[in-house]
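Trainee: I'm new to this one. Could you take me through its charged contacts up close, and then the ring contacts too?

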Amino acid sequence: LRQQYGVAELVTAYSASLLLVFVFGMDGALARFFYQQPDRGTRIRMTSSSFAFRIVTGTTVSLTLALLAEPLAVHLMGGAVYAKYLRVGALTLPLTLVVLWCNDLLRVTFQPWKFVTLNVSQTAFVGGATLYLVLGRGLGVAGVLYGKLAGDSLAALLGVVLCRHHLRPGFDGALLRQMLRYGLPLVPVALAYGVIGSADRWALQHFATLDEVGTYALALKFFAVVTMGVSAFQLAFMPFAFARAQDPDSPRLFARVLGLYIAIATGGALACGLLAPLGIRLLATRDYAAASRPAIWLAFAAVAQGAYYVCALGINLSLKNALLGLSVGGAALVAAAANMLLVPRLGAEGAAMATFGGYACSAALTYVIAQRVHPLPYRGARLAALFGLGVALGAVAAWQAPAGWAGAGWRVGALAAYALVAWKSDVWKDRGALRHRPAAS
């Protein structure tokens, strides 16, 4: 069972990496330029053109990957027998891209209820189809992938219905070129992020076993839990930040937001990681008990990933997106090297450490570069120390906490200690978040 779970996880990881690349940075471009358009008609031409571009590119890539499934299966998964799974993943790709486009539009137009409806429905569609095909029809790995295909088909249809008022027949090449000039420099960034996000499972497959991939796949669910909260923040904040970028008070606002994000997200990741052993005991068999320690590192990796987007704001505002390739490219090299070094020695936990290192490095390098091209009054050292405290408390509790009630006491104590330090740091207030205290009025 763990091996089958591992195969499904490999296909999912490679598909997620491709999605990052084949968005072509158009999500960021839509958020950056949507509110710069002079009227509603121009905005509709922009959204319609970007939708047409996504349909054409997504379909082309999907068919190409489906045709190349056999050689890709040999190189990526170790055998042509897995080609059918890659074909299903390839055919799902354009449908998922449509859902992502709908999400992008709903967030830049500030339609939270439609956004929630689409995402909850997608989860229900995929989950329901997967359960039916795996449990009801006994399709195993194929059922997981066909469930994703069926669920995303329904979600794409729903998304188009929800976004229909921003879609019209027609194409505006000038607006599309403006978006591509902004978005294409982000493609190497997406590719590097794809390396960070999939090198862990590739290394586990090549230097460990599919059983280890299956164990790691369960640990990734804790990454997903934290990512849900991080994504909610990111999806809400980035369009708001671009809309407020010209406000003279925006640097102060951005600094307070980053401080609040680090304080809350680190605490959430610590709680999630500390609860991982209990969650695994309740939701899985003993075969997956080893997933609890990788879960700690992956929970904090999700926080670092979210911090990257806020730290990159200065680069986005300065329209120097090519610089992000330096920071995320360097982080991808760190993640790849760490996987090669740690996975043969530590297995799933080594992969989690490498992934954490990659995302943390991307946030740190992006912060340094962004502060040079568009300085914002962040207190980077204080925020890094608070994040580091959370990671240290989580790691010590995972390695040293005894079993039973004593271990539970350790975990509660670690969380309480972090909460106290975070509260005293005031990183969400001017005095704790701003590098230079504003002058008194």
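**Charged pairs and ring pairs**

Mentor: Let's start with Arg 252, which forms a salt bridge with Asp 249, their closest N and O atoms being 3.1 Å apart. A salt bridge here is a side-chain nitrogen of Lys or Arg within 4 Å of a carboxyl oxygen of Asp or Glu. Keep in mind that this is a predicted model, where local features need pLDDT of at least 70, side-chain atom pairs count only at pLDDT 80 or more, and totals for chains, interfaces and linings use all residues. Residues are numbered from 1 along each chain as its sequence is written, and side-chain values use heavy atoms, with hydrogens and water left out.

Back to our pair: Arg 252 is partly exposed at 28% relative accessible area, and Asp 249 is partly exposed at 35%. As for the wording, buried means under 20% relative accessible area, exposed means over 50%, and partly exposed is in between (1.4 Å probe, protein chains only).

The structure holds 12 salt bridges. One of them joins the side chains of Asp 172 and Arg 45, at 3.1 Å from N to O. This pair links distant parts of the chain, 127 residues apart: Asp 172 sits in the loop between helix H7 (141-162) and helix H8 (173-183), and Arg 45 in helix H3 (residues 40-67). Helices are DSSP runs (H or I, at least four residues), numbered from the N terminus. Asp 172 counts as buried at 17% relative accessibility, while Arg 45 is partly exposed at 42%.

Next, look at Arg 107 and Asp 104, whose side chains meet in a salt bridge of 3.7 Å, N to O. They are 3 residues apart in helix H5 (residues 83-108), so about one helical turn separates them. Both Arg 107 and Asp 104 are buried.

Now the rings. There are 19 aromatic pairs; rings of Phe, Tyr and Trp (its six-membered ring) pair if their centres lie within 6.5 Å, and planes under 30 degrees apart count as stacked, over 60 as edge-to-face and the rest as tilted. Tyr 35 and Phe 110 make a tilted pair, 6.0 Å centre to centre with 35° between the planes. Tyr 35 is partly exposed at 36% relative accessibility, and Phe 110 is partly exposed at 43%. Phe 233 and Tyr 261 are stacked, because their ring centres are 4.8 Å apart and their planes are at 20°. Finally, ring pairs link Tyr 193, Phe 223, Tyr 308, Tyr 309 and Tyr 359 into a cluster.

How values were computed. Helices (H or I, at least four residues) and strands (E, at least two) are DSSP runs, numbered from the N terminus.
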